[in-house]
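This report describes the strand pairing, helices, nonpolar core and chain contacts of one multi-chain model. The sequence and structure are shown first, and the description follows.

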Amino acid sequence: MKLKTEPYVINVGPQHPSTHGVFRLRLTMDGEKIIDAEMIIGYLHRSMEKLAEERTYTQNIPFTDRTDYIAAMTGNLAYVMAVEKLMEIEVPERANWLRTIMAELQRLASHAMAGGTFANDCGTWQTPVMHMIRDREKVLDLFEMACGARLTTNYMRIGGVSRDIPPEFLPAMTKLLKELPDRIDEYEDLLLNNEIIIARSRGIAVLTPEEAIAYSLSGPMLRGSGVAWDLRKADPYAAYDKVEFDIAVGTKGDAYDRFAVRMAEMRQSVRILEQCAEMIPEGPIHARLQTATVQPIGNPVAPLVVRPPEGEAYARIESPRGELGFYIVSDGGPSPYRFHIRAPSYINLTPLKKMTVGMTVADAVVVLGSVDIVVGEVDR
Amino acid sequence: MDDTGTVVAFWAMAIMTVGSALMVGAVRNLIHAVIFLVLSFLGVAGLYITLSADFVGVVQILIYSGAISILVIFAIVLTPRAGRDNSETSMLVPGVVIAGLVATMLSYAAIETDWNISSREGFEETAQAIGEALLDKYILPFEVAGALMLVAMLGAIIIVRAEGAESETVEVEEVEE
Amino acid sequence: MTKLLAGHDIAHQIEQKFPGAVIDAVPEFAMVKADKLIEVCTFLRDDPELDLAYLNSVTAVDRMDTFEVVYHMTSIRLNQIGSIKTSTTERDKPVVPSVSSVWPGAHLQEREAYDLMGIVFDGHEDMRRIFLWEGFDGWPLRKDFMNIPGHMAGLERFPGEPGTKLEGRGNVEAQD
Amino acid sequence: MPILAKWYDFRDLGNAIGALQDQILDWGAPDWVPYVVSGIIAVVGILLWLLVSQIVFIWIERRVIGLMHNRIGPNRVGPMGLLQGVADAIKLLLKEAITARATDKILFWAAPIAIFIPAMVVFAVIPFGEGMVLSDLNVGVLFFLAIGSINTIAVFAAGWASNNKYALIGAMRQIGMLISYELVQVFALLSVVILVGSMRMGDIVAWQSGNDVWMFAIQPLAFVAFIIAGLVEVNRSPADLSEAESELTAGYHTEYSGIKFGFFYAAEYFATFALSGVIVTLFMGGWTLWGAEEWVPGFLIFVTKLYAVFFLFIWARGTLPRLRTDQLMSFSWKFLLELMFVQILVIGLETLIWREQAYDASTVLPIFGVINWVLAIGLVVLWARMLGHGTPRTAGKRATLTQEIGKIYYEGAAGPGA
């Protein structure tokens with residue numbers, strides 16, 4: 001007796017609790033088994049790369065907030081680093097430390113969100129995500145203290161940061177850092193040791209290191225597959241060469257390991273921030289830009305405009321989601337000639353079909369959660 | 001069958017049973033037919049209960065309404081043309097004829113038979129009486145039936161397993177292409 | 001610290017293996033002929049000294065007369081980064097060989113470049129639009145996209161701005 | 001047991017109803033009238049209690065889950081948000097109940113109604129107090145099982161009629177789960193029934209009260225298995241696969257809105273109340289509390305226990321992730337069912353010895369209890385070990401920390417769920 005089954009198509013998204021935004025997954029199913037998966041994106045496409053070509057270099061900083069809106073600081077940082085590389089600006093010491101602090105705080109906030117939603121995708125009824133959002137909120141409070149905004153921070157500037165931190169910032173941060181290790185212990189105990197989470201995510205969406213490298217994965221996806229590659233160590237920027245931390249890697253290359261890597265990275269972030277709080281020097285927070293590269297256009301009322309020399313630069317940082325790169329081509333004009341974002345969560349979706357085919361819908365949701373996409377960054 | 005309540009219950013249950021059974025044949029949608037089948041089973045269970053056979057009545061709900069109907073649903077869902085209704089069947093006339101014949105025969109038998117009316121009271125605990133009968137007097141048929149079902153179940157598992165393993169490899173090949 | 005492989009060095013290595021494949025080399029990148037691209041990329045990936053097995057990014061730049069496709073590659077083992085470019089002068093239907101067979105990670109990025117810049121990657125298994133819908137008219141990231149009469153590209157829309165021409169791209173003539 | 005049997009003795013509300021029956025007979029009504037009247041009073045009473053409990057428990061669940069989530073929970077509607085349930089009900093009543101064009105109209109309307117029936121009918125056999133039972137069937141336990149299986153038909157009808165793939169997947173999951181766990185449920189109840197020797201709920205309560213022991217102390221394995229199977233049957237987390245919010249948006253009731261959704265929502269609560277009631281009756285001594293029922297009304301004891309069990313379900317919902325369908329089913333077939341076979345064998349043996357030798361209950365029950373506890377723990381551990389799940393998994397789960405750039409730490413993939 002051979003059962004003849006008909007495949008059918010199911011649309012996960014664009015409105016679905018587990019797609020983390022307007023993301024659509026077209027699954028061809030045989031029963032509960034996925035036999036083909038295709039992602040359909042672009043619902044949040046805002047054509048940022050084109051828009052950026054029409055705005056000055058400084059005006060583009062807010063755009064970088066809105067690509068990866070869960071981790072705005074790192075978006076800012078990667079962009080201003082690309083422009084600085086183009087203009088060969090030396091950033092003052094204190095600004096570099098402030099950038100490190102902000103980037104690491106952002107990593108804490110982003111990984112808290114990613115871990116919580118991953119647990120949610122595994123089927124916990126909102127509890128871990130609420131607990132982790134509690135920590136994220138505290139980090140966002142710090143951001144508010146530093147730059148007045150919580151989500152779209154717009155903090156970094158070409159040549160430094162927009163303003164210095166207030167005096168109460170570091171004590172508040174130290175207080176938070178004292179709380180966090182216990183919390184992270186709690187999450188690891190409750191989630192990483194949870195039998196059901198293990199059952200749901202161990203051995204799901206396995207990628208070998210060779211595959212991970214071939215698919216250009218980055219961030220926790222790459223490290224979850226066991227490749228010790230972290231741009232903070234490999235290509236240190238800001239003040240990362242002055243602090244001590246470890247790269248967290250997984251050993252099995254599955255969804256569980258990606259989650260475990262994120263949790264371990266939160267701990268490393270706390271470690272980095274503790275060192276930052278002690279070692280941050282006094283000094284200027286903004287480089288003096290050459291007058292040749294900064295000039296008003298037209299009349300004196302118009303804003304000062306940064307004009308990098310002709311050329312191109314590719315700057316990359318380790319954002320919470322992976323290698324966030326900005327490729328900027330300048331023609332010497334006041335706005336970029338070409339502005340390209342190497343979006344980690346977009347490229348991390350490349351092996352999506354390979355990861356989901358043969359799984360069930362329930363697994364597909366876990367896979368998507370382990371990739372940790374931000375649709376703003378996927379679509380740009 | 002004397003007091004008003006029992007009479008009312010009997011007629012309600014009888015109408016529900018027979019009406020639903022008729023609807024099973026009359027509706028064009030297979031899933032609707034299953035739902036009516038469940039209603040019919042429930043009616044029969046109600047009849048059992050009015051006859052103070054509460055154990056049989058509850059087992060009727062458990063086995064027929066709960067389990068058998070799910071099996072029927074499975075069968076329908078696994079049918080390649082599950083979505084169709086049965087309006088194009090050519091078996092309508094023969095079905096009606098056979099059903100009519102059976103109904104006539106049963107009614108004839110029911111009317112013509114000289115039913116013995118027992119003066120004995122019903123069992124206090126039908127469950128206990130049935131249990132004792134099954135495990136005492138009729139132990140051999142009971143065990144034989146059990147063994148038979150076990151064999152049937154094992155056979156089904158073996159058939160499905162062999163086929164399932166084969167079809168799975170086929171699917172994997174398709175995916176890799 | 002990541003070692004930056006200068007374009008000259010990469011060009012030198014490629015020239016030894018494939019004479020005539022490199023057109024130009026500057027410190028940032030080496031410009032490679034499009035018809036030799038697959039061989040060159042395979043070489044870059046497999047050569048033990050270069051070992052550029054990790055493709056960071058693929059993107060395209062519209063230079064008005066040519067389309068450049070830019071590849072950034074990293075060696076995770078040796079911790080070095082390099083960049084090559086290839087170009088095509090065709091404007092109606094620019095075609096560049098796809099490197100997704102060399103680096104599967106190029107799959108989505110090439111689709112993105114096709115969607116927004118209109119560069120067809122030859123040999124790509126699934127060359128469809130990805131952000132925009134099928135049937136979208138035009139290629140948004142090209143410089144000549146949406147040159148509506150009266151609309152000027154660049155910064156000339158700022159209030160109070162004089163009509164003087166700006167250096168660089170600001171003075172691109174509106175093309176019809 | 002009641003010392004007083006006057007109508008105002010509210011320890012047993014049956015007294016008041018009995019007095020009313022006598023009064024009606026005194027007025028010269030036919031003898032079926034008091035029967036019908038008392039039945040209607042009881043049914044309406046149970047329904048009112050269910051509704052009030054549900055409205056209160058919507059609030060309690062949301063507040064408790066809120067506390068577990070580190071947030072406040074509803075606190076705006078009425079004092080402390082107590083009227084949240086009422087507000088929810090009004091909202092659902094006023095919202096448009098959309099019926100999509102491609103649905104199977106009849107079933108789409110019938111399913112929300114049908115799902116109510118099993119959830120409420122179960123209360124007919126649950127004793128709320130001494131004699132406070134609508135119909136003390138001598139097959140009460142079986143009745144609960146039988147009615148529970150009807151639930152599945154309603155869920156399937158809802159999923160099928162919605163003409164929605166999510167809904168259909170949810171419905172099919174529900175059927176698969178029910179088939180897997182019905183046997184476990186039957187065996188768990190059977191071991192109780194064997195020991196007591198009756199399927200009447202009242203007898204089981206009386207047995208526990210007479211022997212001064214709660215059933216879960218004697219049969220821990222059956223208790224746990226029944227709770228797990230019950231969670232599956234009423235579709236609550238971690239077994240809420242057929243509505244699986246994060247996977248199937250809302251599962252079988254994806255297409256339902258307005259009051260039709262409200263019916264599903266309420267039926268889930270009712271079914272959980274029913275399940276809690278059965279757990280309390282069979283395993284936790286029902287309306288008795290070691291003699292306290294002499295002074296405190298039995299129904300208050302019962303309801304308190306029921307709420308405590310309900311709290312357990314809320315707790316599980318706030319804590320546990322959801323299993324995958326195949327994992328949940330293999331847990332039943334490969335793990336629980338085997339344990340239940342052994343359990344039933346042991347209980348049968350114990351009962352046989354007890355009956356044959358006519359031992360005193362007070363000597364033999366503690367021994368049985370100890371044997372069963374040891375057996376339960378031992379069996380679970382041993383069987384888990386044999387299936388390869390027994391080894392502690394705490395080691396080597398965290399990410400490896402390293403300083404070496406570019407080194408590869410991959411050790412090969414773990415098996416699914418290993």
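## Strands around E6 of chain C

Strand E1 (residues 3-4) of chain C pairs with E6(C) in the parallel sense, over two bridges. Two strands are said to pair if DSSP finds at least two bridges between them; strands (E, at least two residues) and helices (H or I, at least four) are DSSP runs, numbered from the N terminus. Within this pairing, Lys3(C) stands opposite Gln80(C) in E6(C). The structure is a predicted model, in which local features need pLDDT of at least 70 and side-chain atom pairs count only at pLDDT 80 or more, while totals for chains, interfaces and linings use all residues. Residues are numbered from 1 along each chain as its sequence is written, and chains are lettered from A and ligands numbered from 1 in the order in which they are written.

Strand E3 (residues 30-32) of chain C also runs parallel to E6(C), joined by three bridges, with Val32(C) opposite Thr86(C). Strand E5 (residues 67-75) of chain C, by contrast, is antiparallel to E6(C) and pairs with it over nine bridges; His72(C) has Ser83(C) as its bridge partner. The hairpin of E5(C) and E6(C) has four residues between the strands, and Asn79(C) there takes a positive phi near 55°. Strand E6 (residues 80-88) of chain C is mostly covered, with eight of its nine residues buried. A residue is buried if 20 or more other C-beta atoms lie within 10 Å of its own, exposed if 12 or fewer, and partly exposed in between, with C-beta atoms placed from the backbone.

## Two open sheets in chain A

In chain A, three strands form an open antiparallel sheet in the order E1-E2-E3. Strand E1 (8-12) and strand E3 (33-40) of chain A are the edge strands, each pairing on one side only. Neighbouring strands of this sheet are turned by 25° against each other on average, direction ignored; axes are lines fitted to C-alpha atoms, for helices over the stretch in contact, and angles run from 0 to 180 degrees between N-to-C directions. Five bridges join E1(A) to strand E2 (residues 24-30) of chain A, and Val12(A) stands opposite Leu25(A).

Another open antiparallel sheet of three strands has the order E9-E10-E11 (chain A). Its edges are strand E9 (311-319) and strand E11 (338-342) of chain A, and its neighbouring strands are turned by 10° against each other on average, direction ignored. E9(A) pairs with strand E10 (residues 322-330) of chain A over nine bridges, among them one in which Arg316(A) has Gly325(A) as its partner. Helix H3 (residues 72-87) of chain A packs on this sheet and touches E9 and E10 of chain A, its direction making about 150° with that of E9(A).

Helix H5 (residues 140-162) of chain D has 23 residues and reaches 34 Å from its first C-alpha to its last. This is close to the 33 Å expected at 1.5 Å a residue, the expected span being 1.5 Å times one less than the number of residues. Because 23 of the 23 residues of H5(D) are buried, the helix is largely enclosed by the rest of the structure. Just after H5(D), Asn163(D) takes a positive phi of about 55°.

The largest nonpolar core has 317 residues; such a core is a set of buried Ala, Val, Leu, Ile, Met, Phe, Trp, Tyr and Cys residues joined through C-beta atoms within 7 Å. Its largest share, 18 residues, comes from helix H6 (residues 165-196) of chain D. Ala364(A), Val367(A), Ala157(D), Ala225(D) and Ile279(D) have the most contacts inside the core. Not counting residues up to four places away in sequence, Ala157(D) touches Ile35(B), Leu107(D), Ala110(D), Ala111(D) and Ala114(D).

## Contacts between chains

In total, 57 residues of chain A are in contact with 45 residues of chain D, contact being defined by C-beta atoms, placed from the backbone, within 7 Å. Helix H7 (residues 195-201) of chain A gives the most to the chain A side, with five residues. Three bridges join strand E6 (residues 247-249) of chain A to strand E1 (residues 400-402) of chain D in the antiparallel sense, and Ile247(A) has Thr402(D) as its bridge partner.

The contact between chain D and chain B takes 20 residues from each of them. H5(D) gives the most to the chain D side, with 11 residues.

Conventions: Contact = placed C-beta atoms within 7 Å.
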